[in-house]
Structures are given as C-alpha cells and as structure tokens.
Amino acid sequence: MSADVVVVGAGIAGLTVAHELATTGADVRVLEAGHRVGGRMATTRHAGFVIDEGAEQISARGYRATWELLRRTGFTPAEVPEIGHAIGVWRDGRAHPGVADPRAVVTGAGLSRRARLDLARFQLGLARGRAAFDPDQPERTPLGTATVAEMAARYHPDLHDHLLAPVASAFFGWDTRRSCAAPMVALMNEVGSVSCWRTYRDGMDSLARRLAGGVPVETGCAVREVAADGHRARIVTDRGDLSAASVVLCVPAPVAAPLYPTAPEPERAFLRACTFAPVLKVACLLDRPLAPRSPVPLYALLAAAGEDALLAGLVVDHAKHPGRVPAGRGLISLIAAPAAVPGLLSEPDAAVAGRLVAAAERYLPGITAATTTTLVHRFRHGLPEAPPAALRLRAAFADRPVGPVDYAGDWVLLRPSSEGAVRAAALASARVRSLLARNRREARV
C-alpha cells in the first residue's frame with residue numbers, strides 16, 4: 001500500500017498536517033494507535049457532562065495559527081466563547097484572584113508589596129524586549145538556557161512561589177528547576193491577560209473532530225517503525241507495511257524517537273533531549289455547582305509553590321460554558337502536582353480520585369459530599385518540558401534538511417500549548433509540500 005503522505009498520530013498536530021496537505025490535493029492517510037482522535041485535546045462526554053481530559057483553553061491572543069485554522073474550517077465566534085473568569089492563587093488560607101493578569105501589580109494577586117514592585121520590573125522588561133521573545137524561536141531570547149527557577153531568583157521569591165511556579169505546575173506540568181524560562185515567558189508575553197482566554201463550546205476536541213471529518217483516519221492502527229528508504233519512507237504497522245513519499249511523526253518526542261531509530265544524529269539528539277512531563281487529572285462530576293470562595297468568580301485556583309504536595313490546582317469547568325454540565329450540576333477538574341504524578345500514574349483510579357478529592361476539600365469545602373462520579377485521566381507524555389539541552393539543540397533541529405521523515409507537535413517549538421502543535425503542523429506541512437514538489441520535478445527529468 002502507498003500514499004503521498006502518511007501522518008502518524010491523530011492529535012491536533014497530526015490532523016492539522018493532514019488537513020493542510022489534503023487541501024493541496026495530496027493523498028494523505030492518518031494512522032492513530034488509539035480509538036479516537038484528539039490526543040491530548042480529548043474530550044469525554046458522560047451523562048450530559050462535557051469533560052476536557054487534557055488541554056483546557058485557548059487564547060484570543062498569541063494563537064494566530066489556531067485562529068487562522070478555525071476560520072478556514074468554519075468555526076463561528078459562538079463556538080469558541082470567552083471564559084470570562086479570573087484565576088486565583090491559594091495563599092494564607094484563602095484565594096487571591098488576579099494570577100496572570102497584568103493588573104496584578106495593583107490588585108496584588110497574593111503577592112507582597114515588594115513582590116509587586118519586582119513584578120512591575122519584570123513586566124517592564126518584557127514590554128521593552130517584546131520583539132526578542134519569539135515563541136517560534138525560544139532559543140534566541142535574552143534569557144538563554146536559564147530555568148524558570150534560575151530566572152525567578154533575580155526577583156522577590158513571591159514571583160516564583162505565587163506566580164511562575166503555580167502557572168508552570170498547573171498549566172505546563174513543569175518542575176521550574178528542569179525547564180527553561182524562555183518558552184514560558186515568550187508564551188506568556190504572546191497570550192497576555194487571562195481575560196483573552198476562550199474555550200471550545202462543545203469540548204476541546206471540537207477542532208480535532210472537524211478536521212478528522214475531512215481526511216481519512218484509521219484508528220486502532222499502531223505504527224511500529226518508520227525508515228527513510230531512498231527517496232521514500234517505509235512505515236511498518238501492525239496491519240501491514242506502507243510506502244509514502246513522506247511520513248510525518250505527530251507524536252511526542254519520546255514516542256517518535258524509538259519509531260525512527262535510524263534518524264540522522266542531529267535529529268536523534270534533539271528527540272532524546274525533548275523530555276515530557278506526565279499529567280494526571282481527576283474530573284469530579286458534582287450534584288451542585290461548587291466554586292472556590294473568592295472576591296470575584298474564578299475559572300481556576302492554583303496552589304502556590306510548597307502549598308500542596310498533591311494538587312497543583314483545580315479548574316471550575318462549569319464556569320467555562322453553561323452547556324458543559326446538566327442544569328443545576330457542577331464539574332471540577334483536579335490537577336495533580338508535577339512531583340506527585342509519577343507515583344500516581346500506576347495507582348488504581350479509585351485510590352487516585354480519593355486522594356485528590358480529599359486534598360481539594362481545603363480549597364473547595366463540600367466537594368467530597370457533592371461528587372457523584374470521578375473520572376481519572378492520565379497522560380504519560382502530557383506536556384513537553386523545555387530542558388536546557390533541548391533549547392540548545394533546537395536551532396540545529398529546525399535547520400535540518402527536508403527528507404522523507406518529518407515531525408510535528410508542540411515539542412518541536414518547545415511550546416506546551418495547542419497553538420504550538422498547530423504552528424508546528426503548519427511548518428511541517430510546508431516542508432512536506434516542498435518535498436513533494438521536488439519529487440515531481442525530479443520525476444519529470
């Protein structure tokens with residue numbers, strides 16, 4: 001069997017690659033080892049609840065490639081509504097709203113007065129050097145390979161403990177001592193205030209499902225190995241072998257590396273360096289709409305660094321859109337702390353849910369009694385980290401020559417977001433189009 005392009009993985013990166021190439025007339029096949037599309041943007045629908053398993057939101061700012069794709073695929077503004085609520089951090093026994101909001105220098109957001117002065121200094125530095133923080137090229141920022149913790153050490157400790165670490169832990173799954181600040185700062189600079197955050201009305205898998213409707217996707221088909229075979233690619237699957245002019249690996253780097261054992265050394269080195277943080281969430285289906293006590297309604301509440309050994313934070317999912325839950329019900333997602341996730345991954349669902357729900361009582365009293373059902377979602381390769389080694393190797397990887405085997409995913413840009421996946425998919429699509437055009441020219445000669 002053969003095709004112009006075989007895409008491995010039906011997450012948002014793989015489906016975007018397939019969509020972009022199919023619109024140019026290429027014969028594209030998508031192979032997915034699982035039994036549904038969406039990857040880490042998967043959504044579960046249960047008893048009238050719409051539950052996002054992985055990604056939670058997108059932004060009206062800093063998601064240029066995503067919004068271009070949404071327009072081309074016919075999404076209306078009503079299908080991607082604003083969330084419209086604040087994010088808080090837990091400190092001194094209560095929630096402080098205003099995290100990731102530029103107004104935090106005034107409102108406080110749980111920061112001390114001295115820390116707010118340092119936050120103003122930090123924001124001013126970003127504003128002056130905005131052009132230097134390109135999220136597509138994080139290796140070129142003035143921050144170099146400094147980790148989040150190393151960068152934060154230049155400021156008041158509150159900036160790390162009550163702003164950077166909570167955001168990194170809850171939304172990136174990062175240990176701030178392991179990942180570089182450059183990708184995170186570039187992303188925060190692009191996205192801006194949480195007031196720009198939006199969700200997909202019908203679930204975070206909405207875009208993936210629409211894209212999958214326009215390209216052939218074969219689920220339950222595991223790829224065992226790929227190889228460059230002259231000017232073509234060979235794909236070994238558990239259902240037989242395929243040949244293609246190009247194969248695009250749209251899976252996490254730790255999955256892609258063993259699939260392509262003969263990759264050229266610059267590629268192998270970057271793949272080895274691109275580590276992923278595991279992510280674990282517990283969805284709590286409630287018999288009533290609970291929310292953290294706060295001066296303003298909250299969309300999410302994050303735990304400050306060192307505040308909680310089990311929880312990084314919680315998301316008030318019924319605040320995203322009223323259609324996410326049946327009338328009079330509630331939905332809360334509990335996000336496990338990065339340090340706790342490895343130990344929780346192999347525990348039974350009931351044990352994991354019991355521990356996290358019990359830990360959430362301090363932030364959301366009554367959640368244990370209100371919870372009728374829990375659903376545990378695990379991602380062993382949850383979000384790409386940005387270790388210094390990967391940042392140092394990224395430029396050489398980006399400059400690799402076009403060949404029969406290519407890649408797409410948020411890890412390609414060290415950008416832990418769905419925009420990173422869509423943007424990487426656009427870059428991979430352009431590379432594959434150039435390869436197909438070169439092959440056609442050579443065939444004519």
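Predicted model: local features only at pLDDT ≥ 70, side-chain atom pairs only at ≥ 80, totals over all residues.

Trainee: Which element gives the largest share of the lining of the second largest pocket?

Mentor: The second largest pocket holds about 500 Å³ of space. Two or more lining residues come from each of helix H6 (157–172), strand S13 (276–286) and strand S15 (311–316). The largest share, four residues, is given by H6.

Trainee: How many residues of the lining of the second largest pocket are nonpolar?

Mentor: The lining consists of 25 residues, and those nearest the pocket centre are Ser-169, Trp-174, Asp-175, Pro-338 and Ala-339. Five of the lining residues are polar and five are charged, while the nonpolar ones number 15.

Trainee: Is Cys-284 buried or exposed?

Mentor: Cys-284 belongs to strand S13. Beyond its sequence neighbours up to four places away, Cys-284 touches residues including Gly-330, Leu-331, Ile-332, Val-357, Ile-367 and Thr-374. Its relative accessibility is 0%, and since buried means under 20%, Cys-284 counts as buried.

Trainee: How many Å apart in space are Cys-284 and Gly-98?

Mentor: In sequence, 186 residues separate Cys-284 from Gly-98. Taken from C-alpha to C-alpha, their separation in space is 25 Å.

Trainee: At what angle do helix H1 and H15 pack?

Mentor: Helix H1 covers residues 12–22, and helix H15 covers residues 418–444. Their axes are 8 Å apart, and the two helices pack at an angle of about 40°.

Trainee: Is the crossing of H1 and H15 left-handed or right-handed?

Mentor: On the H1 side the contact is made by Ile-12, Ala-13, Thr-16, Val-17, Glu-20 and Leu-21, and on the H15 side the residues include Ser-418, Ala-421, Val-422 and Arg-433. The residues of this contact comprise nine nonpolar, three polar and two charged. The crossing of H1 and H15 is right-handed.

Trainee: Is Ser-418 buried or exposed?

Mentor: Ser-418 lies in helix H15. Setting aside neighbours within four places in sequence, Ser-418 is in contact with Ile-12, Met-41, Ile-58, Tyr-63 and Thr-66. Its relative accessible area is 12%, and the limit for a buried residue is under 20%, so Ser-418 is buried.

Trainee: What is the relative accessible area of Val-8?

Mentor: Val-8 is placed in strand S1, residues 2–8. Not counting residues up to four places away in sequence, Val-8 touches Leu-31, Val-223, Val-247, Val-248, Leu-249, Cys-250, Val-251 and Leu-259. Val-8 is buried, with a relative accessible area of 5%.

Trainee: How many Å apart in space are Val-8 and His-377?

Mentor: Val-8 and His-377 stand 369 residues apart in sequence. From C-alpha to C-alpha, the two are separated in space by 22 Å.

Trainee: Is Asp-92 buried or exposed?

Mentor: Asp-92 sits in the loop between strand S6 (86–91) and strand S7 (94–97). Although Asp-92 is not a glycine, it has a positive phi of about 55°. The relative accessible area of Asp-92 is 67%, and because the cut-off for this class is over 50%, Asp-92 is exposed.

Trainee: Is Leu-414 buried or exposed?

Mentor: Leu-414 is found in the loop between strand S18 (405–407) and H15. Leu-414 has a positive phi of about 50°, although it is not a glycine. With 0% relative accessibility, Leu-414 counts as buried.

Methods. Residues numbered from 1 in each chain as written. Heavy atoms only, no water. 1 Å grid on protein atoms, 1.4 Å probe; cavity = no way out; pocket = protein on both sides within 12 Å on 5 of 7 lines; lining within 4 Å. Points joined across faces, edges and corners; volume = space filled by probe spheres on them. Nonpolar A, V, L, I, M, F, W, Y, C, P; charged D, E, K, R; others polar. Buried < 20%, exposed > 50% of the residue type's maximum accessible area, 1.4 Å probe, protein only. Contact = heavy atoms within 4.5 Å. Axes fitted to C-alpha atoms, helices over the stretch in contact; angles between N-to-C directions. Left-handed = near helix turned anticlockwise from the far one by under 90°.
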